[in-house]
Number of protein chains: 2
Amino acid sequence: MEIKDKSKEEIILKAAEVEFMLKGFHGAKTTSIAKEAGVTHAMLHYYYRTKENLFNKVFETKVSLISDIIVRSFANSHMPLLERVKLTIESHFNFLVENQELPRFLINELISQPERRKIFENKIEDVIGIVIPALQKELDDEVLKGNIRAIKAFDLILDIVSLNVFVFVVFPIITSFDSLSGNTSDFFENRKQENVELIMRRLKK
Amino acid sequence: MEIKDKSKEEIILKAAEVEFMLKGFHGAKTTSIAKEAGVTHAMLHYYYRTKENLFNKVFETKVSLISDIIVRSFANSHMPLLERVKLTIESHFNFLVENQELPRFLINELISQPERRKIFENKIEDVIGIVIPALQKELDDEVLKGNIRAIKAFDLILDIVSLNVFVFVVFPIITSFDSLSGNTSDFFENRKQENVELIMRRLKK
DNA sequence: TTTCGTATTAACAATATTGTTAATCATTAC
DNA sequence: GTAATGATTAACAATATTGTTAATACGAAA
């Protein structure tokens, strides 16, 4: 009756999202999802028929998110390259702050269920086919101008993604060690700067 | 009858290891493990009684591996710090070449089944309680001597582990894009150098 | 060779998990 | 008011998965 009156269909999807992201396809149970959503599990099957169906809804949404962030992060602009790389790292990092479980979830499902790779590849392959060559050209130009040290676009991207993603992947585990737990937002802010620093020094002459 | 005559017990454990590492606790099925091992699934229960039991055998072995590599990688020596860091990165990387699925496996089980964290923490906490402070002291000394730029030991370790681990985590996915697939061992060798380069430049004045 | 313990199998049992159905309820349209 | 439609429930059904058992085979020790 309140303003925030979501349909059961949506509530189920949200609960499914939480459970699938945390436990993966096989770890998640439809009964548990229904319970979490506060509905009978017949309801879940009424709206989504199968677990597979429900999972795909979540999965496709998440694959799209990844595709979006690649485009958004590496979009061209007229800023000098080094500044833009810095902004890219930061915006990618900020995206991860808002989507902390996303990389682990996708990587896992793609590895443990290779059947699902097609849908991922279709969404991504154009993007990398465009982004990487474009970035490579820019990098090569800057190298010729003597502004940066030579690097493969693919390596640069992998450097950035490795540094940015891995913190979030291990964060839940790190925090269970008291000796390592401190203020969360300080921790992330510090890591973001550390990552920028690392990449900048890699590129600068 | 040959020399390589492993007991069924061992064969089952090996098959379980493969399946658990790839699919995780919930994705792995005891029937499938038995099939892979070429034994009836009653055999599996005869030797290990429960799936939980069998899993724990694998899990504990893997946790020990991690604990070992931390000690081994960051062990003291009389080499100058920068050289030692370089060796550390390389030996950690080489370890991952031999244990490519290990990080993903452990991270996943620890996140999706927090019940299992205790056993991990117990094995690891001493190690980090010793390694990090020791490394920090050395780093601080070098900073005072003007040899390197200031850094937290924890950040340095996280930098190294992020760069080294992430390549292997995404490697199976990367290789499904034709545009990105090339010679595997060249790829790894190149990444190892890139990672060393990044960290060295982060530390050097 | 008998005896004893381990290994092995097939068949069964128990449980967990997913999916269906038929009956009921609620809401809106007529 | 009632017919129609979608939402909801409980109860059931089917299947997948894990685990057990009882019977048997095998090999070594006595």
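Start by selecting DNA strand D and the 16 residues that surround it. A residue is near a strand here if its C-beta atom, placed from the backbone, lies within 6 Å of it. The closest are A42(A), T30(B), H45(B), T50(B) and K51(B). This is a predicted model, where local features need pLDDT of at least 70, side-chain atom pairs count only at pLDDT 80 or more, and totals for chains, interfaces and linings use all residues. Residues are numbered from 1 along each chain as its sequence is written, while chains are lettered from A and ligands numbered from 1 in the order in which they are written.

Now color by helix. Helices are DSSP runs (H or I, at least four residues), numbered from the N terminus. At least two residues of the surface near DNA strand D come from each of these: helix 3 of chain A, and helix 2 (30–37), helix 3 and helix 4 (51–73) of chain B. Sorted by class, that surface has five nonpolar, six polar and five charged residues. Here Ala, Val, Leu, Ile, Met, Phe, Trp, Tyr, Cys and Pro count as nonpolar, Asp, Glu, Lys and Arg as charged, and the others, Gly among them, as polar.

Next, select DNA strand C. Of the 16 residues around DNA strand C, the nearest are T30(A), H45(A), T50(A), K51(A) and A42(B). Two or more residues each are given to this surface by helix 2 (30–37), helix 3 (41–48) and helix 4 (51–73) of chain A, and by helix 3 (41–48) of chain B.

Then show both protein chains.

Where do the chains touch? Select the 38 residues of chain B in contact with 38 residues of chain A; contact requires C-beta atoms, placed from the backbone, within 7 Å. Helix 8 of chain B gives the largest share of chain B's side, 13 residues. That side divides into 18 nonpolar, nine polar and eleven charged residues. The copies meet through the same surface, because 100% of the interface residues of chain B are also interface residues in chain A.

Last stop: A134(B), in helix 7 (residues 117–144) of chain B. Its C-alpha atom is separated by 16 Å from that of I124(B), ten residues apart along the chain.

Conventions. Two residues are in contact if their C-beta atoms, placed from the backbone, lie within 7 Å.
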